[in-house]
Each structure stands twice: as C-alpha cells, then as structure tokens.
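Good morning. I will go through one structure, starting with a pair of helices and then turning to the pockets and cavities. Please look at the sequence and the model first.

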Amino acid sequence: MGMTMSEKILAAHAGRDFVEPGEIIDVNVDFCLGNDVTAPISIQNIRKLGAKKVWDVERIALIPDHFTPNKDIKSAEQVKILRDFAKEYGIKYFFEMGRVGVEHVLLPEEGLTLPGDIIIGADSHTCTYGAFGAFSTGVGSTDLAFTMLTGKTWFKVPEQMKFIYKGKLNKWVSSKDLILYTIGQIGVDGALYRSMEFTGDTLKSLTIDSRATMANMAIEAGAKNGIFAVDDVTLDYVKPRAKRAFKAYDSDPDAKYVEVHEYDVSKLEPQVSFPHLPENTKNVSDAANVKIDQVFVGACTNGKYEDIEITANLIKGKKVHPDVRLIVIPATQSIWLKAMKNGLAEIIVNAGGVFSTPTCGPCLGGHMGILAKGERAVATSNRNFVGRMGDPGSEVYLASPAVATASAVLGRIAHPDEIK
Amino acid sequence: MNYRGKSWKYGDNIDTDKIIPARYLNTSDPAELAKHCLEDEDVTFAGKVGKGDILIAGENFGSGSSREHAPIAIKECGVSVVIAKSFARIFFRNAINIALPVIEDETIVNDAETGDVIEIDFDRGFAKNITKNKEYKIHPLPDMMKKIMEMGGLMEYAKEFINL
C-alpha cells in the first residue's frame, strides 16, 4: 500500500519501511527550535536534570523573537536565559538582536529547514516548514528539552487529509485567502491530530513564501502538520541556502487519505476571519461597515517581502485613514533591508504608517501595538482569539495584506478594488 | 492514582490565550502564571479554584499556542485533572509531559455541571460523578504516555535515556 509524503518522512526517520496512522513511533529529529517564551522552560528542565551537553549544537536554534527588542525587564531576563545557555552549551544558532527575525521566516531564509526533515519547535506555528516539504510540528517546552538532549521524539502517526485546489485565482486573492477559506470550511478542529497535504494546480504557481503562509495556519485547523510537495519552486529557494544535505519525498498515487477536499477557487473572493476564531470566515463583500482602529501587516504568516510589497503598492500616494494606526513589521532583517532599499518603507511612512524592526510583537499582544478595550484590528497574522492582541474586549479580524491595506485606507474592512 | 474534587465547567475551544494570555508570558514562574489561569475566559477562576478541583471543558480544549505555560498554570493553581470532550494535540502532549492528568470523554462532560463532585480512579479506569450518582469507564492512555505520567513527567522519564 502506498504512503503519503508525511508518512514516508516519518517512516524514514523511524528506521522503518512503512508506517500507518495510529502507530506510536520513535523518530530521529533533524532540527529543533525554541523562542524567548518557550525555550526558558526547556533550558530550566535541562539544567535541573544536570545535563552538561546537548545532542547537537548545530541542530538547535534559539530565537528570541516574541518580546524583542526586549519590552521590559522580565522579557530581558527570558532572553538572557537563552543567551547564557547558548554560550555555555555552544549552541550555534542563537540569533542575537540585529540578526534575529520572526522564527518561521528566519529559519528557512537561513537554509536550516529543509525538504524531508523532521523538525519540531516549541512554537505552534512550526508547521510552517511543511511548505518546504518537511514534516514539521509544534510541541511544548518539555518535548523540546527532550529533543535538545537526545535528538529524538515520539509521534503518533497522524491520519492523512488531502486538499486539492483548482482554478486560477482572482486578482487580490492570495494564499492567505485559500487557507482562511479552508479553515472556514473544515473548522478549527477540522484537522485535529491530522496531516493536511496541500495540492492542486492552483498551488503550483504560488511562491514559496505564499505556500508558507498556508502551511503556517495548518495548526489553526488543529492539524499536526501541513505539507506541500517539493517542486522547482521549492528547490530554487532551498538549494542555494541549504546548510545540510536533504532528501525530498513525494506521496504515492495510492496513498490513503481519511478525507479529500477539493475546492474550485476560481471564483473565490478575499476572505476575512471574524472574531474570535479563525473558522469564522466570510467573503470580504459580506464584511461591510466594520469600522477599525488598527491594521497590522506582519507576523510569521504575512511578514514576508511580497506582503510588504503588496501593502506599499496599494497604499502608494494614499493616506492611512485618520482614525486608523497602520503597523507594518517585516519578519526578518533581510526583508526589512530590501523593503528599505526598494523604497517600500518610505511609501508606508509617507502614507502615515509605521515601519518597524522585526518582532512577533503585536500578533500575540506582546508589544508594538496593543489594543484597548473595544478596539478593532485587521491583522495579517494567524489568530483572532479573545484578547489575542490586547484587552479581552478588543477584536481581531484576520485577512491578507491586500485587504488589510485597503482597510487601513478606508477605516473599515474593505476590498482592495475599492482603493484601486 | 485517585482524585476527588469539585468541578468547574467551561465551553468549547478554550484556547491557550484564554488559559494564559500572552501578556503574562514574560515569565515562566508557575506561581505567577497560576494567578492568571483562565483569566480571559473567567477572570474569577484563579481566585475561586481550590486544591484538587477538576476542570471540565468541551471540544478542542487548549487549542492555539504551544505554550506549556497553559498546563503549568492549570496544574499550579490547584487543578488535579482536566476532563474535556476533546483536546488540541499540543496541549494534550504538554499535559502528559508535566504529569497533569487529562481525560477525553464526552459523556462525563455532558453530564457534569459546575459544582459537581467528581471522583476518578485511574488504576481501575473509573470516574464517578458523586453529585449526579453516575459512573463512567475511562479509556486508559497508551502505554508510553501512561509511563510518562506515572514517572512524574517527560523529564523524569528522560533520565533513563540520557547520559548525564
């Protein structure tokens, strides 16, 4: 019987020829990561155990990106735990201020997340690396500590789901709209404990960054991982930067899926997820008259160069609505620099927005744009839970950079055509 | 392992931002996290929950972030067992890893109301709602997870594998 690419990667890392859903297997991990929120607990666990060395100093990344640049004394202490540990144990990939970026955009850029890898990270959006053909999933701090020490972890082989997207996308419809639509269709637990394999002609023409936006949000449907086939788009991105050898896997034609969902997306409109769950998805045309106070373009979901470019191109020569604050945060230093060099930062600032240094910041209500009670934001991030970006009485509407930017100009949720 | 406690019941999709909002994640001190447990769902919870109490919830409990601060806050504020119709997978794994007992059971949740006294006998595989006088058979955890729980969490379990 055939296997999916997720199953093949798991089997290969378990030293097996075949695995099937439901089995509990021990696997070798290729790479693991933690951030300034999660890694301190892992490190405390490792120190408490008295371990003097880690599994492999080149296969662990410590990425202080959530509350950096350190927003307060407690945050500075959390980052110091990472820094001190990295020095003492010789961790190669500790990213200091000035080199750090939002983890799930930074690590692919650094060539550390590769096709065929098993990657675990103490951050739920670790599923992003499925866009590069890896089996990649979020875990907690204690699981990360175990892998940092042993290079291993255990998994229950997940059931496999396949998503097929057909048709040419309308102008202004992006991969963000595809994933919001999908979550709207299957619900926030529609893929609970399962793999989501993203396929179909529509996705072939997506950039690697756009694919990463979809894989990033697999967790918002409850999935263990999201994954894309490896093709020329993947290899063009990965090959020049890969820091290790890698092997691509593909799904067999007779692989078994518990569910297959096929969507004709040729007529799809831009989507907006209403508070307080990502599954509350509506067409943007059904979101009329929602007045907003803030717009955030950034996060591991949509803080990539193409996202900043969409915002700059749309807002060029226009002004942010007088009642709205626009916050644009490129995910990494290299994106920041490119946006600066190409004049995107200037366009955004001239329009009345802010253009900030890389951080997860506002996405999780950390800093750099917290909402007061009763305020509403359109955000290109991935979660709109109660209190996600500030006061529990505030609201977050999830959308693409194009919808977010149009909304910033008009002061209400808007279709990009309305400002073009 | 046996537990007996008063139950507190909440709804579906109690995400980790509700369990422990990110504004408190600049620390990993369990006592500090416990003070804010479930704050954005029920701001009074941390003040009223007692030692040994049982937390009951609907579908997809612990969805969202991988933050282990969520099960840590729940455990530290006194909760002995979490019973939900279903759990988000990272939360479920994190709970096992820090030896916070979790039970996935729709019937117990449907029957229970806040204030009911519930008794759980993991060894015999039974739960009882004393207030409603109803008994339930509970499914045992897979062997590996059971072993991690019994040893007091993943780091205790890890000692067998790690050359210190």
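In which sense, left-handed or right-handed, does α6(A) cross α8(A)? The crossing is right-handed. Before I go further, note that this is a predicted model.

Some detail on that pair. Helix α6 of chain A covers residues 175-186, and helix α8 of chain A covers residues 208-216. Their axes are 8 Å apart and the packing angle is about 20°. Angles under 35 degrees count as roughly parallel, so α6(A) and α8(A) are roughly parallel to each other.

Which residues make the contact? From α6(A) there are Ser175(A), Lys176(A), Leu178(A) and Ile179(A). They meet Ser210(A), Thr213(A) and Met214(A) of α8(A). Sorted by class, this contact between α6(A) and α8(A) has 3 nonpolar, 3 polar and 1 charged residues.

Next, the pockets. The largest pocket holds about 810 Å³ of space. Its lining is made of 32 residues, and those nearest the centre are Phe92(B), Pro140(B), Leu141(B), Pro142(B) and Met145(B). Both chains take part: β7 (152-156) of chain A supplies at least two lining residues, and so does each of α5 (89-97), β4 (102-104) and α7 (143-150) of chain B. Which element gives the most to this lining? That is α7(B), with 4 residues. The lining of the largest pocket has 17 nonpolar, 3 polar and 12 charged residues.

The second largest pocket has a volume of about 520 Å³. Of its 20 lining residues, Asn45(A), Lys48(A), Thr142(A), Ile98(B) and Met155(B) lie nearest the centre. At least two lining residues each come from α2 (39-49) of chain A and from α4 (69-76) and α8 (154-158) of chain B. With 5 residues, α2(A) has the largest share of this lining. By class, the lining of the second largest pocket divides into 7 nonpolar, 7 polar and 6 charged residues.

Last, the cavities. How many cavities of 30 Å³ or more does the structure hold? There are 2. About 230 Å³ of space lies in the largest cavity. It is lined by 22 residues, and His66(A), Asp123(A), His125(A), Leu364(A) and Arg388(A) lie nearest its centre. The elements that give two or more residues to this lining are α4 (103-109) and α10 (299-302), both of chain A. The lining of the largest cavity has 8 nonpolar, 8 polar and 6 charged residues.

That is the end of my part.

Definitions and conventions:
Residues numbered from 1 in each chain as written. Chains lettered and ligands numbered in written order. Predicted model: local features only at pLDDT ≥ 70, side-chain atom pairs only at ≥ 80, totals over all residues. Heavy atoms only, no water. Axes fitted to C-alpha atoms, helices over the stretch in contact; angles between N-to-C directions. Parallel < 35°, antiparallel > 145°, perpendicular 65-115°, else oblique. Left-handed = near helix turned anticlockwise from the far one by under 90°. Contact = heavy atoms within 4.5 Å. Nonpolar A, V, L, I, M, F, W, Y, C, P; charged D, E, K, R; others polar. 1 Å grid on protein atoms, 1.4 Å probe; cavity = no way out; pocket = protein on both sides within 12 Å on 5 of 7 lines; lining within 4 Å. Points joined across faces, edges and corners; volume = space filled by probe spheres on them.
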